[in-house]
Amino acid sequence: HYLLSLFSEEVVTNLIQKFKIGTSKHWKGANVFWQLDEKGNARTAKVMLYNPKTGKRVKKPFNHIDWVHSLLKKKTKQDFHLVQCLFGIHQIKEEDNTKLIGIVESEKTAILMSATPSNYIWMATGGLSNLNYMKLKPIKGRKIIFFPDLGGFKQWEAKANELIKQGFQIK
């Protein structure tokens with residue numbers, strides 16, 4: 001609903017299809033952000049509740065974030081081996097490999113940035129401290145630009161310097 005306040009129905013439909021955005025009954029109106037790897041396999045999904053008018057996360061009376069693998073484990077009692085990936089990394093198999101990779105922190109930001117045509121494929125780490133070698137390994141060899149959230153520049157700059165020493169092309 002929030003996306004429809006910003007963009008046309010056609011653009012919103014394309015974003016939903018591009019990122020495979022779902023909904024959940026866990027909290028009425030919650031969004032499901034699937035982590036699909038570079039081969040299109042589902043690793044997990046983050047379930048988050050947003051205010052449909054403001055687009056801000058619902059944090060009261062508690063932070064409304066959960067994980068599909070955690071919810072399924074509660075129901076099935078089965079163990080799950082989680083190996084996360086970048087949100088949006090599934091796009092590299094479909095997109096032009098000359099495009100730059102834009103890495104942001106939140107899934108919402110990656111989706112919003114993808115709403116307008118650009119020379120970027122937008123992906124998200126899902127959190128400030130979730131930037132690591134294993135998540136970026138499938139895009140090694142691509143030109144990557146980090147766009148940290150306010151207050152995260154120094155942390156991501158240090159991570160970029162570490163990754164550059166391991167052969168990544170990062171700005």
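Analyst: A pocket here is an open set of grid points where a 1.4 Å probe fits, with protein on both sides within 12 Å along at least five of seven lines, and its volume is the space filled by probe spheres set on those points. The model is a predicted one.

User: What volume does the largest pocket have, and which residues lie nearest its centre?
Analyst: The volume of the largest pocket comes to about 490 Å³. Its lining is made up of 21 residues, and the elements that give two or more residues to it are α1 (2-6), α2 (9-19), β1 (22-24), β2 and α4 (107-113). Nearest the centre of the largest pocket lie H1, Y2, L3, G29 and N31.

User: How do the residues lining the largest pocket divide into nonpolar, polar and charged?
Analyst: The lining of the largest pocket, with its 21 residues, can be sorted by residue type. The division is 12 nonpolar, 7 polar and 2 charged.

User: Is strand β3 largely enclosed or largely open, and why?
Analyst: Strand β3 covers residues 42-48, and a residue is called buried when its relative accessible area is under 20%. Because 5 of the 7 residues of β3 are buried, the rest of the structure leaves this strand largely enclosed.

User: How is β3 joined to β2, and which residue of β3 is the bridge partner of F33?
Analyst: Strand β2 (residues 30-36) runs antiparallel to β3, with 6 bridges joining the two. They form a hairpin with 5 residues between the strands, and in the turn G40 has a positive phi of about 90°. Within this pairing, the partner of F33 in β3 is K46.

User: Which residue of β4 does K46 stand opposite?
Analyst: Strand β3 also pairs with β4 (residues 65-67), in the antiparallel sense and over 3 bridges. In β4, the residue opposite K46 is W67.

User: In what order do the 4 strands of the open sheet stand, and which of them are at the edges?
Analyst: The pairing in this sheet is parallel, and the order is β6-β5-β7-β8. Two of these strands each have a single partner strand, so one side of each is left without a neighbour in the sheet. The edge strands are β6 and β8 (169-170).

User: Which residue of β6 is the bridge partner of I103?
Analyst: Strands β5 and β6 run parallel and are joined by 5 bridges. The partner of I103 in β6 is M123.

User: Which element supplies the largest share of the largest nonpolar core?
Analyst: This core holds 18 residues, and those touching the most other members are I103, M123, L136, I139, I144 and F146. At least two residues of the core are supplied by each of β5 (100-104), β6 (120-124), β7 (143-146) and α6 (153-164). The largest share, 3 residues, comes from α6.

User: Is L163 buried or exposed, and what is its relative accessible area?
Analyst: L163 is found in helix α6, where it touches Y133, L136, F146, F168 and I170, leaving aside residues up to four places away in sequence. A residue counts as buried under 20% relative accessible area, so L163 is buried, at a value of 0%.

User: Is L71 buried or exposed, and what is its relative accessible area?
Analyst: L71 belongs to helix α3 (residues 68-76) and touches H26, V47 and D66, not counting residues up to four places away in sequence. L71 and V47 are 24 residues apart in sequence, while their C-alpha atoms are 9.6 Å apart in space. The cut-off for buried is under 20%, so L71 is buried, with a relative accessible area of 18%.

Conventions
Residues are numbered from 1 along each chain as its sequence is written. This is a predicted model: local features need pLDDT of at least 70, side-chain atom pairs count only at pLDDT 80 or more; totals for chains, interfaces and linings use all residues. Side-chain values use heavy atoms; hydrogens and water are left out. Buried means under 20% relative accessible area, exposed over 50%, partly exposed in between (1.4 Å probe, protein chains only). Two strands pair if DSSP finds at least two bridges between them. A nonpolar core is a set of buried Ala, Val, Leu, Ile, Met, Phe, Trp, Tyr and Cys residues joined through side-chain atoms within 4.5 Å. On a 1 Å grid over the protein atoms alone, a cavity is a set of points where a 1.4 Å probe fits but cannot get out, and a pocket is an open set with protein on both sides within 12 Å along at least five of seven lines; lining residues have an atom within 4 Å of a point. Ala, Val, Leu, Ile, Met, Phe, Trp, Tyr, Cys and Pro count as nonpolar, Asp, Glu, Lys and Arg as charged, and the others, Gly among them, as polar. Contact means heavy atoms within 4.5 Å.
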